[in-house]
Amino acid sequence: MDYIILSVTILGIGIVGLVTKNDLIKMLIAVEMITAAATMNFVVFGSLMEDSLGQAFSILALSVDACVTAVALALAVAIYKKLKIRDVRELSELKEEPSEEENQMVEEN
Amino acid sequence: MWLETALAIGLVTSAVFAIYLKETVASVLSLGSMLVLLSLLYFSLNAPFAAIFQLALGIGTVAIFLLAGDTLTKKSDEKTSSKTKILGLFAAVILSIPVIVGTVATQTLTREINLSLSSALWDLRAIDVLAQGIVVLTVALGVVFLLKEERRRS
């Protein structure tokens, strides 16, 4: 068994989830999976080299990962409280269309 | 060897279900089980500190965050049919085959220095650790301010 193939498989599953899912929480789960796959490489290669530097890097990476999740979830909760939306497709539809004056300015330029 | 193979199959299966299931709570639970299996894999690779960190942050923090986020932003979930679950299991089994059978040629790495975790963290990466402490505190303050601002507005 090869840990690199395992890591690549989990990374692929995470990327597929990130691309195909529209729910904010599901997308966060996919991001979590991608970071877990990346962190696994630190531990595996550190274990191959038989020193603790890989573990040290993995600890640093896991802390950053938890921070990313906390910020993304806080943003998701804030968006939900304001707009009652959890679907990213609906969020992209909220983009404001340019007014007639702005269109005229663009045409003049 | 059989333990590592079983862990790898479990990891791939729980990862597929975390993405595949329609119910968000079930997805988060599946992600949690994946992180527990990853922690067991770290233990088997003789990396206990990384394993404990993974367990504490993976289950204790991230899974709880995601469950809390799901509870705070509740929406009506669709149910996953048993046929879809069986298809997911089949996909997980197929994805597990290259993990068990495949090999990648890697160069054997040798190093003379054997570092302990504390010397690796404090002698080599001390600035990183301190900077990361500042990042974690900033993130905590940012999240608190973000949620407090939302509460004040509502």
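In this predicted model, chain A and chain B bury about 5,600 Å² between them, and carbon and sulfur atoms contribute 76% of that area. Buried area is here the accessible area (1.4 Å probe) that two parts lose on being put together, summed over both. Three elements of chain A each give two or more residues to the side that touches chain B, namely α1 (3-20), α2 (24-49) and α3 (53-83). The largest share, 24 residues, comes from α3(A). Helices (H or I, at least four residues) and strands (E, at least two) are DSSP runs, numbered from the N terminus. By residue type, this side of chain A divides into 37 nonpolar, 9 polar and 10 charged residues. In this division Ala, Val, Leu, Ile, Met, Phe, Trp, Tyr, Cys and Pro count as nonpolar, Asp, Glu, Lys and Arg as charged, and the others, Gly among them, as polar.

In terms of contacts (heavy atoms within 4.5 Å), 56 residues of chain A meet 70 residues of chain B. Between the two chains there are 10 residue pairs in polar contact, with both residues at pLDDT 80 or more. A polar contact is a pair of N or O atoms within 3.5 Å; within protein, one must be able to donate a hydrogen and the other to accept it, and residues adjacent in sequence count only if both atoms are side-chain atoms. The count of salt bridges between chain A and chain B is 0. A salt bridge is defined as a side-chain nitrogen of Lys or Arg within 4 Å of a carboxyl oxygen of Asp or Glu.

Individual residues illustrate the meeting of the chains. A:A74, in helix α3 of chain A, touches B:V143, B:L146 and B:L147, residues up to four places away in sequence not being counted. A:A74 counts as buried because its relative accessibility is 4%; buried means under 20% relative accessible area, exposed over 50%, and partly exposed in between (1.4 Å probe, protein chains only). On the side of chain B, B:T24 lies in helix α2 (residues 24-44) and is buried at 0% relative accessibility. The side chain of B:T24 makes a polar contact with the side chain of A:R86 (3.3 Å).

A:R86 also takes part in a salt bridge with A:D23 (2.8 Å, N to O). This pair links distant parts of the chain, 63 residues apart: A:D23 is in the loop between α1 and α2 of chain A, and A:R86 is in the loop between α3 and α4 (88-92) of chain A. Both partners are buried, A:D23 with a relative accessible area of 8% and A:R86 with one of 6%. Over all chains the structure holds 2 salt bridges; A:D87 and A:R89 also form one (2.9 Å, N to O). A:D87 is buried at 15% relative accessibility, whereas A:R89 is partly exposed at 48%.

Chain B contains 6 helices and 0 strands. Of its 154 residues, 36% are buried. Within helix α2 of chain B, B:S30 is buried at 9% and touches B:S14, B:F17 and B:A18, not counting residues up to four places away in sequence. A polar atom of the B:S30 side chain lies 3.4 Å from the backbone nitrogen of B:A18.

Residues are numbered from 1 along each chain as its sequence is written, and chains are lettered from A and ligands numbered from 1 in the order in which they are written. Local features need pLDDT of at least 70, side-chain atom pairs count only at pLDDT 80 or more, and totals for chains, interfaces and linings use all residues, while side-chain values use heavy atoms, with hydrogens and water left out.
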